[in-house]
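Keep the sequence and the 3D view open while reading.

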Amino acid sequence: MRRHSGAEKAELLLAAARYLNETLELERVYDRFRELLAEAVPHGGVIVSSFDRGTGLISCDYAWVDGDKIDPAILPPLPLNREGGGMQSRVIVSGEPLLVNDVPEQVKDPAGVYYDVDREGRMRKLPDEGPPGVQSAMMLPVKHEGEVVGVVQLMHERARYDEEQLELAEGLIGLMAAAVRNARLHEQEQAEAAARARAEATAAEREHAARVLEAVGDGVFLLDDEGSIRFWNRASELVTGQRRGDVLGRPAGDVFGGWRAVAAEIPVSEGASPATPVTLPLEVDGRELWLSFVAVRSHGGVVYAFRDLTVERDLEAAKSDFIATVSHELRTPMTAVLGAAKTLLRDDIALSPERRQQLLEMIGAQGTRLTQITEEVLLANRLDRGDLRVDRERVDLAELVREAVEAMRERLPESVSLSMSTNGAAAALGDRGRIEQVLVNLIDNAIRYSPEGGEVVVRTAHSEASVRVEVADEGIGIPLAEQGSVFEKFYRGDPQHRAVPGGTGLGLYISRELVRRMGGTIGVRSRPGEGSTFFFELPRA
């Protein structure tokens, strides 16, 4: 074998250092190391192994046999023999290189574990499955800061190794070890950068998802496996009135009354199965809400999305009440009209002129009532469609109040008195006919909801920008919780018709919509048992 001079060795090692450090890819470092060895130390196989002191295992990182690279995973990890049995273990324990030119004899040592592998990756345990395919071997430690972290094996089937080759191989292995550390640091940096990028992407996705969940109109909250609230979006706050900071970490039962029973009624979607909505009543902060729930299981617990259907359910109930009310309201005058007409048509009885006149007046009065009901329903429909024309002209409200009060006095029951109090001329902008309609609705409402009698007073007042009309009564009053609903369609203060005469529940809704279209506002002040004051304001002319 050719001998290398000291200068040649130095030049070889310098060139090797440049060549190995030109790449930061670990596999290419190993390939270049093997190429350098081919020029310096003859060999038929190269195996680079790493040693993990934590597990005590020696694992193959790179293997080249008979001209071909083989999968390192073919060679099983070997436990370190701390007694020094086995050639690799002896090098790791001693920290010194090992040169063996009689491998067939060495593998007979029962204290070690030996394997042979060919270019096809077939592995044999030695010497149980036959003699080794190599004559000589060189085992050299790979060190970092004085500690052995791996072993490099060089093997040849015929040639014998000497100390000069061992020394040259040691120099190349030191350079390879440094290049491998750089490559692994680069891989670690790349992995950390990729992990940071993934973490940032995940955080961005979560932030985006959180923004989306904050923006959706449905309430969304997450319950962990212990039943505690871990997420609570803005819509959940708005629906329940419970702030995020007050509910996070608390059991759902602290927010939703009877949650355990409610949760048992909500099907939880698993995997790709579609969620099934269910609508249930819940008590939230003393209020009953009808909420439509869907639930989906996630890795962090169960995600619930809910929608407040309380208004919709109330509207459906109001519609049902409206149908029942209108049916009742229509049936009463129609029955009276039909009865009076049939009586007038009978020829088997003689009616006095006075009785005949009474029956005709009844038909007229009840016909008028039927017309009023029909007009209310049709007007409400036009308001809903937005095709009602409302004028904006100068109207003397004081004069209009006097006319409305005089007209309504003819309908007063004996137990109710009606008076007015005007503060001089009060000119406003609006539609005279529609203002009169609002006044009649409010006065009629005050009379009907004063079943025990009392005084109804209509007042006017004006400010710099508006004119105000108030209709005050001493009737049954309105609970505070219902005062926000009195102007809604189909609302009735006495839906069971026990205390007051019937009605369609459209009068106040029509009044509100008419006032709004004239650029005004309408409201109510009331206490149960003490009466109510309805008022509206219109822009001053």
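In strand S14, Val296 is the bridge partner of Ser269. The model is a predicted one. Ser269 belongs to strand S12, residues 268-269, and S12 pairs with S14 in the parallel sense over two bridges. S14 itself covers residues 287-298.

Strand S13, residues 278-284, runs antiparallel to S14. Strand S15, residues 301-308, is also antiparallel to S14. The table sets out the pairings.

| Strand pair | Sense | Bridges |
|---|---|---|
| S12 (residues 268-269) and S14 (residues 287-298) | parallel | two |
| S13 (residues 278-284) and S14 | antiparallel | seven |
| S14 and S15 (residues 301-308) | antiparallel | eight |

Leu282 faces Leu289 of S14 across the pairing. Ala295 stands opposite Tyr304 in S15.

The connections come next. S13 and S14 form a hairpin, with two residues between them. Asp285 sits in that turn and has a positive phi of about 55°. S14 and S15 are likewise joined by a hairpin, through two residues.

Now the helix. H12 spans residues 432-448, 17 residues in total. What is its reach from first C-alpha to last? The span is 24 Å, close to the 24 Å expected at 1.5 Å a residue. At the start of H12, a side-chain oxygen of Asp431 comes to within 3.1 Å of the backbone nitrogen of Gly433.

Which residues of H12 are buried? Among them are Ile435, Val438, Leu439, Leu442, Ile443 and Ile447.

Notes: Residues are numbered from 1 along each chain as its sequence is written. This is a predicted model: local features need pLDDT of at least 70, side-chain atom pairs count only at pLDDT 80 or more; totals for chains, interfaces and linings use all residues. Side-chain values use heavy atoms; hydrogens and water are left out. Two strands pair if DSSP finds at least two bridges between them. Helices (H or I, at least four residues) and strands (E, at least two) are DSSP runs, numbered from the N terminus. The expected span of a helix is 1.5 Å times one less than its number of residues. Buried means under 20% relative accessible area, exposed over 50%, partly exposed in between (1.4 Å probe, protein chains only). A polar contact is a pair of N or O atoms within 3.5 Å; within protein, one must be able to donate a hydrogen and the other to accept it, and residues adjacent in sequence count only if both atoms are side-chain atoms.
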